[in-house]
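Here is a briefing on the chain shown below.

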Amino acid sequence: MIDILGFSCRLPLVLLLLPLALLPLFVSPRRADGIPALDAIPADPVSRAVDRGLRIAGAVAMAALVLAGAGLQRSAGEIERIGRGGHIALLIDRSGSMNDSFAGRTPQGSEEAKAATARRLIDAFVVKRARDRIGMIGFSTSPMLLMPMTDRTAAVRAAIAAIDRPGLAYTDVGRGLARALDMLDEDPGEAARSILLVSDGAAVIDRKVQADLRDAFSRRRVNLYWLYLRTAGSRGIFAPPPPDMEDNPQVLPERHLNLFLASLRQPYRAFEAESPEAVAAAIAEIDKLEVAEMRYRERIPAVDLVPAALGIALGALALLLAARLMEVRVGGSRKMGAAP
């Protein structure tokens, strides 16, 4: 396959016929009339322009047919894009408790489920950052890839629209964090990398998983955010427990998840929100923090140009056919030797 100026052909040998497209510029297919000389006829610029136009149309038609036969296409390649903020992995809790309201019950009246609040506000966040690379992972009993890293805002919004569907009971945030790191690694480019964890709770992270996460975070720099959707009446993630309460991950998993994330030696911010208004304020703050410029290269697939080449050839041939039908033979109604 030959690549010239970003274009290539699947059957390059057919291009050997391309010089034939020059024939209409030197040879006319139109019939000749029996007129002995045209020297006495005044010059006609319009006729000359029409003649040249028809010759060019013939050349274009032949060239387009040859290119179509050769399988012309725009070659696959890469383009550099510039974004604001970086590569952002959205890690969304899909456990069943996300379908409750902030009051800890099935939404009633004007109440909104935590998942619905997250869907609405994260969608607005993504719309404002249309030039960023954003991917999305949901997690409950296991992480689920919802959208690979992309700058296609419409695709990301479609994935966000489904995050308020009924979820499962368990919350395996450890494996979700590991999958988010893998997704960021799979996306090349020089840019700030961030994980936005949105969850209303946490489970105990196995010690081995904790060790693996510490090792994984130690080998890369990632801005880490946790938006904790706190249910009314539950303990927060910042305040220490009272003296009569055990302070361990089994009793206070959210508090110890916060301590674990803070110990990873990465830029980390936790936001505690117990109302839709607080969630909106937290997301607005995260939006302000993620303002660095990024440069990355995106793979562009090949584009088949055969239909376009055939369309050009058809248009040129239609023009030649119309000219042929309008052609008039001078003296065509007389026979040779007939009396005037």
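Buried means under 20% relative accessible area, exposed means over 50%, and partly exposed lies in between (1.4 Å probe, protein chains only). Helices (H or I, at least four residues) and strands (E, at least two) are DSSP runs, numbered from the N terminus. This is a predicted model: local features need pLDDT of at least 70, side-chain atom pairs count only at pLDDT 80 or more, and totals for chains, interfaces and linings use all residues. Residues are numbered from 1 along each chain as its sequence is written, and side-chain values use heavy atoms, with hydrogens and water left out.

**Overall totals**

- The chain has nine helices and twelve strands.
- Of its 340 residues, 38% are buried.
- Contact means heavy atoms within 4.5 Å. Among contacts with a separation of 6 or more, 80% join residues 24 or more positions apart.
- Accessible areas come from the Shrake-Rupley method with a 1.4 Å probe; for residues, only the protein chains shown count as cover. The chain exposes about 19200 Å², and carbon and sulfur atoms supply 60% of that area.

**Helix 4**

- Helix 4 spans residues 153–160, and its residues Val-156, Ala-159 and Ile-160 are buried.
- These residues cover an arc of only 105 degrees around the axis, so they sit on the same side of helix 4. The arc is that of the directions from the helix axis to the C-beta atoms.
- The buried residues of helix 4 pack against strand 5 (87–93), helix 3 (114–128), strand 6 (133–139) and strand 7 (143–150).

**Arg-131**

- Arg-131 sits in the loop between helix 3 and strand 6.
- Arg-131 is exposed, because its relative accessibility is 53%.
- Arg-131 and Arg-152 are 21 residues apart along the chain, and their C-alpha atoms are separated by 8.4 Å.

**Salt bridges**

- A salt bridge is a side-chain nitrogen of Lys or Arg within 4 Å of a carboxyl oxygen of Asp or Glu. The structure holds 18 of these.
- One of them pairs Arg-10 with Asp-304, with the closest N and O atoms 3.6 Å apart. Arg-10 lies in the loop between strand 2 (7–9) and helix 1 (23–26), and Asp-304 lies in strand 12 (residues 303–304), so the pair ties together parts that are 294 residues apart in sequence.
- Arg-10 is partly exposed at 41% relative accessibility. Asp-304 is partly exposed too, at 42%.
- Arg-105 and Glu-111 form a salt bridge through their side chains, at 2.5 Å from N to O. Arg-105 is partly exposed at 39%, and Glu-111 is partly exposed at 26%.
- Glu-186 bridges to Arg-179, with the closest N and O atoms 3.8 Å apart. Glu-186 is exposed, with a relative accessible area of 55%.
- Salt bridges also link Lys-128, Arg-129, Asp-132 and Asp-287 in a network.

**Nonpolar patch**

- Patches are made of residues with over 30% relative accessible area and no salt bridge: like charges are joined within 9 Å, and nonpolar side chains (Val, Leu, Ile, Met, Phe, Trp, Tyr) within 5 Å.
- A nonpolar surface patch includes Leu-17, Leu-20, Phe-26, Ile-56, Met-62 and Ile-312, and the residues of the patch together have about 1000 Å² of accessible area.
- Helix 1 and helix 2 (45–70) each supply at least two residues of this patch.
- Ile-56 is in helix 2. Its relative accessibility is 48%, so Ile-56 counts as partly exposed.
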